[in-house]
Amino acid sequence: MSPANPPAHPIQQILIIADLHLANDKEQKNHLFAQFCQQAHSADQVFILGDLFNTWLGDDLSAPHYAHIISLLKTLGQKTQVFIMTGNRDFLLTPKFVHQIGCQLIDSPYLLETAGQQYVLTHGDELCTDDTAYQRMKSILQHPITKAIFVRLAKKWRLQLSGQLRQKSLKAQQNKTRAIMNVNPEAVNQLMKKYPNADLIHGHTHRLNTHIGQTFTRYVLGDWSQTQGNAIEITQHLNRLEIR
Ligand SMILES: [Mn+2]
């Protein structure tokens, strides 16, 4: 016997994470991610909203470095649709490589429609418009020409350059206020005007919170520590999950 009022579409389980900043020396966190993947096998879709990897210096250089994580993604991708968005740390991931491991690279913003609700998904750094120095740097580093030149450099040069850039960025952050490194409300409103019926889900700022506004809700994912992660689960409703 079928139920009296079967749902028009089967309920999907969607999991969303961001800002894991995985690295080889963060073993506990890698283990936490492995645990998450186990859990995620039963989900229909998984969205990773940027900075899964702490650094990505080209597929040829970084894929062997992250072999364990890549194998976890491959296994997960066999059961679940895995969508990956790049962040400011792993923007050199290519669609070709992500496709090869059975996942799919998606552009930002991405409009997700599920259970009668729309969500705009984005990493979130493009909303931090008060940080003009960062935005200027991003437009240079993530320019297609810069990227094409960088990935053709010898591996040792790429490692050296990225180390120097990281030092510079850490130094610059010391002189910035917390407010400057947060999203700009006007930039958020501009984005959401294009999606009048949607809520927003983003990461990047590492400030896990839910901001209920008049016309939309802004869900901020947190980053992952060595011992604790977080995710958003959407089924019929949106829930927060703790990964530990
Ligand atoms: Mn980021």
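Which residue forms a salt bridge with aspartate 125, and how far apart are the closest N and O atoms? The partner is lysine 138, and the gap is 3.3 Å. Please keep in mind as you read that this is a predicted model.

**Salt bridges**

- The structure has four salt bridges by the rule used here, and the one between aspartate 125 and lysine 138 is among them.
- That pair links distant parts of the chain, 13 residues apart: aspartate 125 is in the loop between strand E6 (117-122) and helix H5 (132-141), while lysine 138 is in helix H5.
- Are aspartate 125 and lysine 138 buried or exposed? Both of them are buried.
- Lysine 176 and aspartate 131 form another salt bridge, with 3.0 Å between the closest N and O atoms.
- Lysine 176 sits in the loop between helix H7 (155-174) and helix H8 (185-193), and aspartate 131 in the loop between E6 and H5, so this pair ties together parts that are 45 residues apart in sequence.
- Aspartate 131 has a relative accessibility of 6%, and therefore counts as buried.
- Arginine 244 and glutamate 242 also meet through their side chains in a salt bridge, at 3.0 Å from N to O.
- Arginine 244 is exposed, at 59% relative accessible area, and glutamate 242 is exposed too, at 52%.

**Glycine 124**

- The loop between E6 and H5 also holds glycine 124.
- Glycine 124 counts as buried because its relative accessibility is 0%, and buried means under 20%.
- Which residues does glycine 124 touch, not counting those up to four places away in sequence? They are Val183, His202, Gly203 and His204.

- Six strands make up an open sheet with mixed pairing, in the order E4-E3-E2-E1-E10-E11.
- Strand E4 (104-105) and strand E11 (238-243) are the edge strands, each pairing on one side only.
- Strand E1 (residues 14-17) and strand E2 (residues 45-49) run parallel and are joined by four bridges.
- Within this part of the sheet, isoleucine 14 stands opposite glutamine 45 in E2.
- Helix H3 (residues 67-79) lies across E2 and strand E3 (81-85), and runs at about 130° to E3.

**Aromatic pairs**

- How many aromatic pairs does the rule give? The count comes to nine.
- Phenylalanine 36 and tryptophan 224 form an edge-to-face pair, with 5.9 Å from centre to centre and 85° between the planes.
- Phenylalanine 36 lies in helix H1 (residues 27-40) and tryptophan 224 in the loop between strand E9 (217-220) and strand E10 (229-234), so the pair ties together parts 188 residues apart in sequence.
- Phenylalanine 36 and tryptophan 224 are both buried.
- Phenylalanine 47 and phenylalanine 83 are a stacked pair, because their ring centres are 4.7 Å apart and their planes are at 15°, with under 30 degrees counting as stacked.
- Phenylalanine 47 belongs to strand E2 and phenylalanine 83 to strand E3, so this pair ties together parts 36 residues apart in sequence.
- Phenylalanine 47 is buried, at 0% relative accessible area, and phenylalanine 83 counts as buried at 4%.
- Ring pairs also join Phe53, Trp56, Tyr66 and Phe97 into a cluster.

**Nonpolar cores**

- In soluble globular proteins, nonpolar side chains tend to be buried together.
- The largest nonpolar core here has 38 residues, and those with the most contacts inside it are Phe33, Phe36, Phe53, Trp56 and Leu73.
- Elements that each supply at least two residues of this core are E1, H1, E2, helix H2 (59-65), H3, E3 and helix H4 (95-100).
- Which element gives the most to this core? It is H1, with six residues.
- Leaving aside neighbours within four places in sequence, tryptophan 56 is in contact with Ser62, Ala63, Tyr66, Ile70, Arg89, Asp90, Leu92, Leu93 and Phe97.
- Another core, of 17 residues, lies apart from the largest one and includes Ile16, Met85, Ile106 and Leu238.

Terms used
Residues are numbered from 1 along each chain as its sequence is written. This is a predicted model: local features need pLDDT of at least 70, side-chain atom pairs count only at pLDDT 80 or more; totals for chains, interfaces and linings use all residues. Side-chain values use heavy atoms; hydrogens and water are left out. Buried means under 20% relative accessible area, exposed over 50%, partly exposed in between (1.4 Å probe, protein chains only). Contact means heavy atoms within 4.5 Å. Two strands pair if DSSP finds at least two bridges between them. Axes are lines fitted to C-alpha atoms, for helices over the stretch in contact, and angles run from 0 to 180 degrees between N-to-C directions. Rings of Phe, Tyr and Trp (its six-membered ring) pair if their centres lie within 6.5 Å; planes under 30 degrees apart count as stacked, over 60 as edge-to-face and the rest as tilted. A nonpolar core is a set of buried Ala, Val, Leu, Ile, Met, Phe, Trp, Tyr and Cys residues joined through side-chain atoms within 4.5 Å.
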